[in-house]
Amino acid sequence: EKIFSGFSKTRENLAVIDELLLYWNLADTDRVLDELEEALLVSDFGPKISMKIVDSLRDDILAGKLKSGNDIKEALKKSVLNLLTGKGGKTELQLGFRKPAVIMVVGVNGGGKTTSLGKLARRLKSEGVKVLMAAGDTFRAAASEQLEVWAERTGSEIVTAEGDKVKAPLVLSQAVKKGKEQGYGVVLCDTSGRLHTNYSLMEELVSCKKAVAKVIPGAPNEILLVLDGTTGLNMLPQAREFNEVVGVTGLILTKLDGSARGGCVVSVVDELGIPVKFIGVGEGVDDLQPFDAEAFVNAIFS
Ligand code: GDP
């Protein structure tokens, strides 16, 4: 329901497709597909993906597989669904058997990283997991306090930097050590909300990953990139860069309850082969849902 209302603008942009397909006939295919491509572009699908979708529809129309406007609409939805689920890999968290599992949450400032980490703690706690948070955003002054509020709200323990000069990799390795010694199920690591163009902070992220792996070889189990669902095509360069630097294992797409512009996520999943694992649908503690590709597609195309 929430993403359905969040995508109302996208649906409005794509409503033209229904009109086009209502009067579609074979002779009119090129014009209709051109306009359909335009509607996808306006909805942030990006040029590469829009072309890919339209080309596959054209092939199927010319091969006689799609015989009505309705067939084309269904094929369009199926094609987006396939792009979202095809290469993306497992949408469930992959936490392995060794305790504690370590999840690092990364992303640019303001995307909803800390909030998502808090909501994730709530989900894990409700499954009976003992959760430890690590306040690894040592760059922004208020970040640690913000995370402490989330720790209290969710009944999680938290490790914070002791002193101004303590850097993120040390906080994370201390937390993972504590997690190991005291039998925690998951250590949730916050990181600085860096700009993807800020290189030294990206380097710090690499150090964070190494610090964690030093305590538990193979960790972190998951590196989740938080992407603001209202930013449209900016998502793609961000995701590329984070993936190149630290290797992202899953996406959290936030703010899908607002004026979401989620078309671009199809490009991110297709180009990088990283699955969306969760979506954020509000600011509350329970507003994180597992990603459901079918519900997502139905929210975009009514
Ligand atoms: P960070 O800088 O990436 O850690 O971002 P924050 O977690 O501080 O979130 C930035 C703002 O976005 C806050 O006001 C959050 O309440 C809000 N926010 C985060 N996730 C969502 C979401 O799924 N929906 C809505 N509506 N707001 C969100």
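Asp44 is placed in the loop between α3 (29–42) and α4 (47–62). Helices (H or I, at least four residues) and strands (E, at least two) are DSSP runs, numbered from the N terminus. Phi of Asp44 is near 70°, a positive value in a residue other than glycine.

This is a predicted model, in which local features need pLDDT of at least 70 and side-chain atom pairs count only at pLDDT 80 or more, while totals for chains, interfaces and linings use all residues. Residues are numbered from 1 along each chain as its sequence is written, and side-chain values use heavy atoms, with hydrogens and water left out.

Two loops carry a cis peptide bond. One runs from Lys99 to Pro100, with omega near -5°. Pro100 lies in the loop between α5 (69–85) and β1 (101–106). The other runs from Ala219 to Pro220, again with omega near -5°. Pro220 belongs to the loop between α9 (199–215) and β5 (222–228).

Now turn to the largest pocket. Its space is about 290 Å³. A pocket here is an open set of points on a 1 Å grid over the protein atoms alone, where a 1.4 Å probe fits, with protein on both sides within 12 Å along at least five of seven lines; lining residues have an atom within 4 Å of a point. The volume is the space filled by probe spheres set on the points, which are joined across faces, edges and corners.

The lining has 20 residues, and Gly110, Gly111, Gly112, Lys113 and Thr115 are the closest to the pocket centre. Helix α6 (residues 113–126) supplies the largest share, five residues. By type, the lining holds one nonpolar, 12 polar and seven charged residues. Ala, Val, Leu, Ile, Met, Phe, Trp, Tyr, Cys and Pro count as nonpolar, Asp, Glu, Lys and Arg as charged, and the others, Gly among them, as polar.

The ligand sits in this largest pocket (more than half of its atoms lie within 2 Å of the grid points). Around the ligand are 16 residues, of which Gly110, Lys113, Thr114, Thr115 and Glu283 come nearest; each has a heavy atom within 4 Å of the ligand. Helix α6 gives the most to this shell, with four residues. The shell divides into two nonpolar, nine polar and five charged residues.

For Lys255, a backbone N or O atom lies 3.0 Å from a ligand oxygen. For Gly111, the distance is 3.2 Å. For Gly280, a polar backbone atom is 3.3 Å from a ligand oxygen. Taken alone the ligand exposes 580 Å², and the protein buries 80% of that (Shrake-Rupley method, 1.4 Å probe).

Terms used: A polar contact is a pair of N or O atoms within 3.5 Å; within protein, one must be able to donate a hydrogen and the other to accept it, and residues adjacent in sequence count only if both atoms are side-chain atoms.
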